[in-house]
Amino acid sequence: MPDRDADPLIVAISSRTLFDMEESHSLFEREGIDAYADFQREHEDDVLRPGIAFPLVRKLLALNAGAPAEAPRVEVILISRNSADSGLRIFNSIAHHGLSIKRAAFSNGAPPFPYIRPFGADLFLSANAEDVSAALAAGVAAATLLPSTRSSKLAPHLRPDQLRIAFDGDAVIFDDEGERVSREGGLAAFAEHERSHAGEPLSGGPFRGFLDALHRLQKAFPVGQDAPIRTALVTARSVPAHERVIRTLRDWGIRLDEALFLGGRSKGPFLEAFGADIFFDDSEHNILSARDHVAAGHVPHGVANR
């Protein structure tokens, strides 16, 4: 049996989230695949600008510092609808930016998600909502990244090299049980349900496996403010619905560094204060609000997305 504690965290990422490819993608939508391929070949030596997930990828790969090359702590895999021919510009840009990305799948227009599981990915990030939904259906944590409106300015109290990841709770880390109760019976029914089930652990949501893998990675580093990874739960829950969340994480043996129970307050300013490199939420409304402050990934799972 393989030693799961020694396995790297594996993140699969699409080329459109790693690099800014909106110009060529617009060309593809207007004129088709042949015009797109010609454009990429003509600009093969033009370096692509960083995309929304580029800072996240750079911080993830930086966690390999000091690890043996044959046993990295983190691996990033490129998943692309490009052909290998038109994708040469992407790999030229990867080399230019000094990103250690060794594995890739180019599907030449076909849905690329079938390759995500064989690569052993713990997380898939894409700009294509259909691919994200398919990955979630296959049991892989996945999120659709939207173009961000955020400023790149970092809060002065934050370390620029520290990776910070924030999660919503219900329908992301946990299942959507609480969301379903709230929609069917209102906030009073939700509060009573959580109070009466406080000692019963919540079921895991689509990001439970990724959270486990991230927690294993965190154990390779010291605990505290100087750790290179910091995590946060940012949830609309409030007292008394907090207790079940805390007990569930305790039951799972998972450590989240910070927990914000906002009681319905807008999440964006709190995410900015936390300095999230990325935030995952099942609500499109929350994502649209959050991306004014941080990079945000929509997780199309649960009753909110039916």
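Modeller: On a 1 Å grid over the protein atoms alone, a pocket is an open set of points where a 1.4 Å probe fits, with protein on both sides within 12 Å along at least five of seven lines. Points are joined across faces, edges and corners, and the volume is the space filled by probe spheres set on them. The model is predicted, so local features need pLDDT of at least 70 and side-chain atom pairs count only at 80 or more, while totals for chains, interfaces and linings use all residues. Residues are numbered from 1 along each chain as its sequence is written, and side-chain values use heavy atoms, without hydrogens or water.

The second largest pocket has a volume of about 570 Å³. Its lining (residues with an atom within 4 Å of a point) comprises 28 residues, of which Glu179, Leu187, Ala236, Arg237 and Gly264 are the closest to the centre. Sorted by class, the lining has 11 polar, 9 charged and 8 nonpolar residues. Here Ala, Val, Leu, Ile, Met, Phe, Trp, Tyr, Cys and Pro are nonpolar, Asp, Glu, Lys and Arg are charged, and the others, including Gly, are polar.

Helix 7 (177-196) and helix 11 (284-290) each supply at least two lining residues. Helix 7 gives the most, with 7 residues. Helices (H or I, at least four residues) and strands (E, at least two) are DSSP runs numbered from the N terminus.

Ala171 lies in the loop between strand 6 (163-167) and helix 7. Its phi is near 75 degrees, a positive value in a residue other than glycine. Most residues other than glycine have a negative phi. Ala171 counts as buried because its relative accessibility is 1%; the cut-offs are under 20% for buried and over 50% for exposed (1.4 Å probe, protein chains only).

Asn108 also has a positive phi, of about 55 degrees, although it is not a glycine. Asn108 sits in the loop between strand 3 (103-106) and strand 4 (123-126). At 52% relative accessibility, Asn108 counts as exposed.

Last, the wider setting. The domain assignment (automatic or from a database) divides out domain 1 (9-146) and domain 2 (163-298). Their centres, taken over C-alpha atoms, are 26 Å apart. In contact (heavy atoms within 4.5 Å) are 18 residues of domain 1 and 21 residues of domain 2.
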